[in-house]
Amino acid sequence: MLHTVTFMLKSLFRKKNNSIAILSFFILSAILLFSYNHPDISIMEFLSFSMRLGQVGFAFFMFLSYECFFNVSREEYTESISTIKGELSRVIITYISYLVLIIIAWIFFIFLWQLGWYWHAHIIYFPFIIHMILAIILNCFLPSCIAVLTGAVLGLSIKRTAAYGLILTFLILSSNIP
């Protein structure tokens, strides 16, 4: 089992593009959260600004998931893995779980940033913190998980040009652009 886990991590981060993309995404999230950090905005404005990161996460994780699963379907070992009963589904579940762990790290980063902002503003009110956690789950975590699953389905079944077209269509339809 440990050999399988190390193999999947090496496969996920084998290409520098994935590692650079994940690091850039965390840096972009920090820049966006820092740009919303004005002392003259209200509490709810800061919460609504930081929840806009959910759209960025949706786009990022859909593209990252597609690229990861497209590479899984294109690798040479897919044919040999598919000969073992249930192994391909285990590989897919492992990749999805790694992407969800990256989402959880990102969500934790957003939560700590918001908690620090509220602590600095001397707002420690337990029902508000519960509301903040639920807002993060609803606006950032769930769309990112849906994006991972959608990217996985597209990566395993559709070629790159058609998949990028569908991903861009999903992004345009799900955005709040007037």
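**Starting from one leucine in a helix**

Guide: Let's begin at Leu142, which sits in helix α7, spanning residues 126-157. A helix here is a DSSP run of H or I with at least four residues, a strand is a run of E with at least two, and both are numbered from the N terminus. Before we go on, this is a predicted model: local features need pLDDT of at least 70, side-chain atom pairs count only at pLDDT 80 or more, and totals for chains, interfaces and linings use all residues. Residues are numbered from 1 along each chain as its sequence is written, and side-chain values use heavy atoms, with hydrogens and water left out.

Back to our leucine. Leu142 counts as partly exposed because its relative accessibility is 39%; the rule is buried under 20%, exposed over 50% and partly exposed in between, with a 1.4 Å probe and protein chains only. The areas come from the Shrake-Rupley method with a 1.4 Å probe, and for residues only the protein chains shown count as cover.

Now look at the cysteines. Cys140 is buried because its relative accessibility is 0%, and Cys145 is buried too, at 16%. The disulfide count is zero, where a disulfide would be a pair of cysteine sulfur atoms within 2.5 Å.

Ile107, in helix α6, is in contact with Ile136, Cys140 and Phe141, leaving aside neighbours within four places in sequence. Contact means heavy atoms within 4.5 Å. Ile107 is buried, with a relative accessible area of 12%. Gly54 is 53 residues from Ile107 in sequence, yet their C-alphas are 9.6 Å apart.

That brings us to the inside. In the largest nonpolar core, which has 46 residues, Phe61, Trp106, Tyr118 and Ile136 touch the most other members. The elements giving two or more residues to this core are α2 (16-35), α3 (43-51), α4, α6 (87-120), α7 and α8 (160-174). Helix α6 gives the most, with 12 residues. A nonpolar core is a set of buried Ala, Val, Leu, Ile, Met, Phe, Trp, Tyr and Cys residues joined through side-chain atoms within 4.5 Å.

Follow Phe61 for a moment. Neighbours within four places aside, its contacts are Phe25, Leu99, Ile102, Ile103, Trp106, Ser144, Ala147 and Val148. Ser65, in helix α4, touches Leu99, Ala147, Val148, Gly151 and Ala152, again not counting residues up to four places away. Ser65 is buried because its relative accessibility is 0%.

Helix α4 (residues 53-74) also holds Glu67. Not counting residues up to four places away, Glu67 touches Arg160 and Tyr164. With Arg160, the side chain of Glu67 forms a salt bridge at 3.0 Å, N to O. This pair links distant parts of the chain, with Glu67 in α4 and Arg160 in α8, 93 residues apart. A salt bridge needs a side-chain nitrogen of Lys or Arg within 4 Å of a carboxyl oxygen of Asp or Glu, and the count by this rule is one. Side chains of opposite charge can pair when their charged atoms come close. Glu67 is buried, at 18% relative accessible area, whereas Arg160 is partly exposed, at 34%.

Past α8 comes a segment that includes Asn176. Asn176 is exposed because its relative accessibility is 54%. Arg52 is 124 residues from Asn176 in sequence, but the two are 9.7 Å apart, C-alpha to C-alpha.

Finally, zoom out. The protein has eight helices and zero strands, and 39% of its 178 residues are buried. Among contacts with a separation of 6 or more, 81% join residues 24 or more positions apart. The protein exposes about 10600 Å², with carbon and sulfur atoms supplying 73% of it.
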